[in-house]
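This report describes selected features of a protein model for computational use. Please examine the sequence and the coordinates shown below before reading on.

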Amino acid sequence: MYRSVPVPPRSDVAIVGARILPIADASGTRAEPIDNGTIVLADGVIAALGGPDTAIPAGTETIDAAGRWVVPGFIEAHGHLGVHEDGEGWSGDDTNEMTDPNGAGLRALDGIDPADLGFKDALRGGVTSAFIKPGSGNPIGGRTAFVKTWGRVVDEMLVTQDLSVKSALGENPKRVYGEKKVTPSTRMGTAKVIRDAFVEAQNYRAARDHAEAEGTPFERDLVKETLAEVLDGTLAWDQHCHRADDIATAIRLSEEFGYRLVINHGTEGHKIADFIAEKGIDVILGPLMTSRSKVELRDRTLATAAALAEAGVRIALTTDHPVIPINFLIHEASLAVKEGLDPVVALEALTINPAAIFGLDDRLGSLAPGKDADLVIWSGDPLDLDSRAEEVFVSGRRVYAFDATTGTAEVADPYGPTLISEP
């Protein structure tokens, strides 16, 4: 399936003759496609972008991409890449620490294995970065991490872990702890665990601030410190919820404590799309291709994306990898288009939208000078089933290439002899 090749040095590259989809300009405004376009990569960022007359510095490697499309690298907005490893069974599943309902002190970063086969699959699907989140077994699961999808050490792949905290409502936490005969065993109990945690965090923050003002010692608590950051607005609240009533509970809790809510999954979001839009809440939707494996998924429909977008909700799409293989992220978008989603919005939901939801759109999610050189050369329109990611660049380095003559995908071996620890 994959053939390891030496890591190429990061060099200046110009891709010419392509149909380029910038998605958005440097200010975040929707940008039109560029036919017969040129994009220049230098020092890991986009140096220039334009038509065929765009200047290319002398000595720059040139790639003829005539007939092909250049698109920003996709962003997986909610997944478990590296913490729930493909094909590893229980030994590679570090998604949930289901021993305490409040896991706010946990960090996904500490469970990510860059050797997970899923990272290669991500490149195959044109996914160059991913939000990695703890699972939904706990009412409060832990701090998330955002990484590039190629590298040897997660600390080198990390963009930031100061984005959000994962939380869960609905069937999962009530099942996990109900089977243990402890709280929470109901939806009421789950909401109470979250409320109690935030009240304790409010008290902790007040006591901490008082101690600092008085210059007296104060005993730190990693759980409460994390939740205090949510209350302060430093971290968003990634709320797993499927049913419409659970979405309403998520909104109710966020308004009680004043934190920034991002709905994750939103399976029944189409039922209350206008309500979500009125509240100005973003939705990370999906996975859309799953079976109805539990009761709260019984009203799953591929049309939810279109309903939310038409109501004015900003959406991102997710595979929830490994629930759906991460390389199928583009197919989540294609199927949503088939059910009414605007194709332009579908690609935004894989690129600029997830970046903007978490304040990363100054670096990622579109093609504009100064942004990270994370991009993919596709054989054609990515939304077409026959199109394939042929070359993938992460931070300006070509790390994946598909050889059509052999049907082999070549992935740069991050554990090879080439030094990759660069600024």
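## Basis and conventions

Helices (H or I, at least four residues) and strands (E, at least two) are DSSP runs, numbered from the N terminus. The model is predicted, so that local features need pLDDT of at least 70 and side-chain atom pairs count only at pLDDT 80 or more, whereas totals for chains, interfaces and linings use all residues. Residues are numbered from 1 along each chain as its sequence is written, and side-chain values use heavy atoms, with hydrogens and water left out.

## Cis peptide bonds and positive phi

The bond from His321 to Pro322 is cis, with omega near 10°; Pro322 is placed in the loop between strand 16 (315–317) and helix 9 (329–338). The bond from Thr183 to Pro184 is also cis, with omega near 5°, and Pro184 belongs to the loop between helix 3 (171–178) and helix 4 (187–214).

That loop between helix 3 and helix 4 also holds Lys181, whose phi is near 65°, a positive value in a residue other than glycine. Lys181 is exposed because its relative accessible area is 75%; the classes are buried under 20% relative accessible area, exposed over 50% and partly exposed in between (1.4 Å probe, protein chains only). Ile23 has a positive phi of about 75° and is not a glycine. Ile23 sits in the loop between strand 2 and strand 3 (34–42) and counts as buried because its relative accessibility is 8%. For context, most residues other than glycine have a negative phi, and most peptide bonds are trans.

## Salt bridges

A salt bridge is a side-chain nitrogen of Lys or Arg within 4 Å of a carboxyl oxygen of Asp or Glu. The count by this rule is 29 salt bridges. One of them joins Arg220 to Glu225, with the closest N and O atoms 2.9 Å apart; Arg220 is exposed, at a relative accessible area of 60%.

Asp209 pairs with Arg208, the closest N and O atoms being 3.3 Å apart. Here Asp209 is partly exposed, at 37%, while Arg208 is buried, at 18%. In the salt bridge between Glu268 and Lys271 the closest N and O atoms are 3.4 Å apart. Glu268 is buried, with a relative accessible area of 6%, and Lys271 is partly exposed, at 43%. A network of salt bridges links Glu61, Arg68, Glu390, Glu391 and Arg398.

## Surface charge

Asp93, Asp94, Glu97 and Asp100 form a negative surface patch. Such patches are made of residues with over 30% relative accessible area and no salt bridge, like charges being joined within 9 Å. Asp100 lies in the loop between strand 7 (74–79) and helix 1 (117–124), and counts as partly exposed because its relative accessibility is 39%.

Over residues 69–389 the chain is 34% helix and 17% strand, and the end C-alpha atoms are 9 Å apart.

Pro6 is found in the loop between strand 1 (2–5) and strand 2 (13–20) and is exposed, with a relative accessible area of 63%. Pro6 and Lys166 are 160 residues apart along the chain, and their C-alpha atoms are separated by 37 Å.

Note on methods: Patches are made of residues with over 30% relative accessible area and no salt bridge: like charges are joined within 9 Å, nonpolar side chains (Val, Leu, Ile, Met, Phe, Trp, Tyr) within 5 Å. Accessible areas come from the Shrake-Rupley method with a 1.4 Å probe; for residues, only the protein chains shown count as cover. Lys and Arg count as positive and Asp and Glu as negative; His and the chain ends are not counted. The place of a charge is taken as NZ of Lys, CZ of Arg, CG of Asp or CD of Glu.
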